[in-house]
Amino acid sequence: MMAGIPLTFLLNGAEIGVFVDPGANLLDVLRRGAGDLTPKQGCAQGGCGSCTVLIDGAPHLACLTLAQNVAGRRIDTTAALATGPDLHPLQQAFMEGFAAQCGFCTAGMLMAAKALLDRVPDPSRDEVIEAISGNLCRCTGYEPIVDAILTASARMQGRSA
Amino acid sequence: MTSVEFRKDIFADERDDTLKEIGKPTIRQDILGHVTGRTRYFDDHLFDGLLHMRAVRSPHHHARIRRIDTDAAGRMPGVRRVVTARDVPVNLNTLLSLINFGRDDEPLCAHDKVRYLGETVAWIIADTERQARDAVAAVRVEYELLPHVLDVEEALKPGAPVVNEVYPNNTFDYHDKYDHQKLRFGDVNAGFARADHIVEAEYQMSPIEQAPIETCGAIAAPEQNGRFVCHTNTQALFFSLGTTAKLLNIASSRLHFIGGTAGGGFGGKVDSIVEPTAVLGAMLTGKPVKFAWDRYEEMQVGAPRGGERWRIKDGVMRDGRIVARQFTGFFDSGAYMRLSPYAIIKGTGHLPGPYSIPNVSSNVYCVVTNRTPATAMRGFGITAVDFSIECHMDRVAEVVGMNPIDLRILNAYRDGDMKAHRRRAKNTALIECCQVAAGKADWAISPDSAAASSLRGGGVGERGEIPETVTDDEGRVGERRAGRTADTAPATRGTGRIAAGQASAAVGAVPVQNPDMEIEVERIGHRIAAAQGAPAAAPRATAPGTATPPRADTPAYAPPPAYAPPPAAPPASAAPPPPGSYQPDQPFSRGVNRPGTSRFLSGTRRR
Amino acid sequence: MNLTVETFPTLRDAAGAVGDKARYLGGGTLLMRAVNYGDKAVERIVISREVDRSVRSEGQGVRIGAGATMADVLAAGDLTMLHPVARMVGGPAVRNMATVGGNLFAAAPYGDMATAFLALEATVQMADGQSLPIESFLSGRARMRGLVAAVIVPRVDPATFRWKKVSQIKPKGVSMLSIAAVLRGAGRVDEARIAFGSMGPTPLRAKAAEQALRGCAPDAAGIAPALAVCCDGLHPVDDELATAWYRRAVAPVHLKRLLLGVQ
């Protein structure tokens, strides 16, 4: 149970308030305090990227972010990637392209990919690889993930994949 | 979309291409959950008042435990319970005891000594993870350091420290006779004598950590009906349940295990340590308890694929035919056996690799050292020896001056060939794999290689027969440690001979547990006794309403001596069973489908 | 022991609070790791509300606020020379978090940017007003109390600056060793500054190699004497990435490739 310091921030567009322990990291606060289980803990060391979330639109590692430091800021996670009943093109492309097997890295990959496409709508393959270079995957060998991100960007631009 | 190329031209007449799903791309049934973040891993279940359990771990490779002082830790803020070895109802186990293999050699929590760096010495259960970590750091353990051994061959020497008193020779005892697993086929020394070249080399693999992105972990909690629920990412749910039932001396009917979702495993989530630990925590506190490894523990304490050392000696003719192959292999099982003894038998059945070699011998040692205990990982028991074999084939090709692909195709096994462990090869495809790979790589191969086929030329003459085999009696349990045997390689002089066409003395196999566990008699190279399960003139059992399955079907497994392998499932019946044909009072048979029953009703289940 | 988080209005105030078990939170990429793993050496987290992420010209150099992240460095047109260094720190998320100031205090094997600063002979401005040449800062940092306010990097001709990061995972893995070099001279090497990272407790200058390069032709024969002494004054250790023996064996190989401009 979280007690202690009150913290308010925007989570996926909605303002939420929680109480956090001093020194708590944002990943624990999102998962246990805010009930958003989409970012995952793989290492708590900043090495795997499975806790990647967007803070004010830029990718950050929630496990290394002091929760108190996000007061008033905008956090986006995979939970709100799909804004309606339909999947986001990234999610659709991952599904169709076998870009996930165990799925544990997927939420982090999607946030890294979204951050890229928000900034660079038509990335090169190298730019995609750089964008996910902070996210480890032990299952897919990365190629299907890179392909899916390129497919999504093409579709979002109105081109066929 | 990642491309997959289907080579349906190869073995085309063995395949039924009217299948609706095989060979066609499809969407993974769980990927919608993955991309929406809604897949529930074990840690995605919220429990009020969840407690956190963490282990106190040995900083030493090998030491006696003199004293464990948990007083200060027990008084620290948030600490609910200190747990030690005394709290574990049955504190000795081995994973394969569930199938009657091996001896119990491993405690869930060390009590008198620690045998590897990171071994559990006690646990703390506290309100928060940080409080648990702080209390773990406050536990004081007095150790008396012991000499340790970290090398497989050092561990076999007479003066080596005894790592695990259950195996005082630092090796697994195979068949209660030898300190290694033997494989003998023909006469390798005669083969070496007539060979034009001898090619010898040694290969070493390091331990490899599976490193799934999600670490091993479980959350256990008391339920309302006297049961404990356990959310776990184990790859082996029933193994974990059975192991928990045994270690905690609790009826398996009181365990409600929920799993099937792992953030990667690759073999690293089979050892069933976190589940008994979490359930123990829930039992002792009456509260939900999470026990999960952090990344450091996953790397250091989580069992890797054990390091292996292999020495291969080939006798090769001028034209590239390998006429004799000898293996000396060492598995570093670490401080406890776990699955390694089984891996070695599995690996031995694989030798000499996908090649037809008329003389084969192998000694493989399952060695105990003070390393982290080893476990399964992708291609369990085979990967390291295959790496060694294929490196060795390249060396052989270099020595005889031959194209390495041509060399492989020349020596490749084919359907009907007798394998060294006395089963006929079936569904072989090395030749076709080599041909396709060479084509893809623009690697020229000879016309003979290009024309070869796995379907032709196998099982002919000597290729299909068991040769007269030289045996030896070296390396009996205890001899090595007593200094009476030094050489680990197969003996250069045999002491016995088995006539051609025969196996050695039959070792009593674990009896077949169910009449529907068939043996494909025609695939066994030698006569087997009725006691070993040879069916008495019984036809292949077929399910009512189905035709006899075509030859390309998965065969039922023929149990080799000395252990009972997990049975393969014969084809499921096409029609649902007529009511009354299923008999729930028959013993649970590990998922085997009785012909005529629905595959969802295997074993005894009550609802 | 519960952690406490203490927030101060200015960097100077925060600097006063930094001490034995009280550590300043920059980007969190190193401190939060320690917190997550319950490191007993951290009891108090010190935060300053005043965070300087600015990058601007100052005199003969470029002043980088200690709070500037690697992403801020990559966005700064004045710092293109340091882009190859910043780009290889972690992945995009880490680069949004890791600060220049934090990198100066990063223990080996981290500290790529500090290695580059060492070769560039940067000046470290402390929150209390002191200015320190980077070499003094690094040799005294284990005993340092206080906080960095900014780093002043002298302007050098970008063509003279070279950077090589050697890691198992490319490009983002932690450095097994890294080399930053500034080579001045046309035709012959007039002046050289060579700094190694992950070859000692802090980034270190290879001064014997620098001496040996003076006046040499920048070809294989010319640099050979420098390669022979490039580990003098370095103190590599065994760690999870490599042994000291290995580092000593490959350091001259990588330095050679850097100096000759080959892969």
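In the predicted model, helix H3 (residues 129–137) of chain B has as its buried residues B:Gln131, B:Ala132, B:Arg133, B:Asp134, B:Ala135 and B:Val136; buried denotes under 20% relative accessible area, exposed over 50% and partly exposed the range in between, with a 1.4 Å probe and protein chains only. Helices (H or I, at least four residues) and strands (E, at least two) are DSSP runs numbered from the N terminus. The cover over the buried residues of H3(B) includes strand S1 (51–57), helix H2 (71–74), S3 and S5 of chain B, together with helix H2 (31–36) of chain C. The model is a prediction, in which local features need pLDDT of at least 70 and side-chain atom pairs count only at pLDDT 80 or more, whereas totals for chains, interfaces and linings use all residues. Residues are numbered from 1 along each chain as its sequence is written, chains are lettered from A and ligands numbered from 1 in the order in which they are written, and side-chain values use heavy atoms, with hydrogens and water left out.

Of the area that chain B buries against chain C, 71% is supplied by B:Arg130, B:Arg133 and B:Asp134, more than by any other three residues. One salt bridge is found across this interface, the criterion being a side-chain nitrogen of Lys or Arg within 4 Å of a carboxyl oxygen of Asp or Glu. The salt bridge between C:Lys40 and B:Asp134 has its closest N and O atoms 2.9 Å apart.

The interface of chain A and chain B brings 33 residues of chain A into contact with 32 residues of chain B. The buried area is about 2700 Å², with 61% given by carbon and sulfur atoms. A:Arg32, A:Met95 and A:Arg138 lose the most area in chain A to chain B, together 24% of what that side buries. Four salt bridges are found across this interface. A:Arg31 and B:Asp44 meet through their side chains in a salt bridge of 2.7 Å, N to O.

Over all chains, the structure holds 11 aromatic pairs; rings of Phe, Tyr and Trp (its six-membered ring) pair if their centres lie within 6.5 Å, with planes under 30 degrees apart counted as stacked, over 60 as edge-to-face and the rest as tilted. B:Phe101 and B:Phe172 form a tilted pair, 5.6 Å centre to centre with 40° between the planes. This pair links distant parts of the chain, 71 residues apart. B:Phe101 is buried at a relative accessible area of 11%, as is B:Phe172 at 6%. The ring centres of B:Tyr116 and B:Tyr336 are 6.2 Å apart and their planes lie at 80°, so this pair is edge-to-face. It links distant parts of the chain, 220 residues apart. B:Tyr116 is buried, with a relative accessible area of 4%, and B:Tyr336 is buried at 0%. Ring pairs also join B:Phe101, B:Tyr167, B:Phe172 and B:Tyr174 into a cluster.

Methods. Contact means heavy atoms within 4.5 Å. Buried area is the accessible area (1.4 Å probe) that two parts lose on being put together, summed over both.
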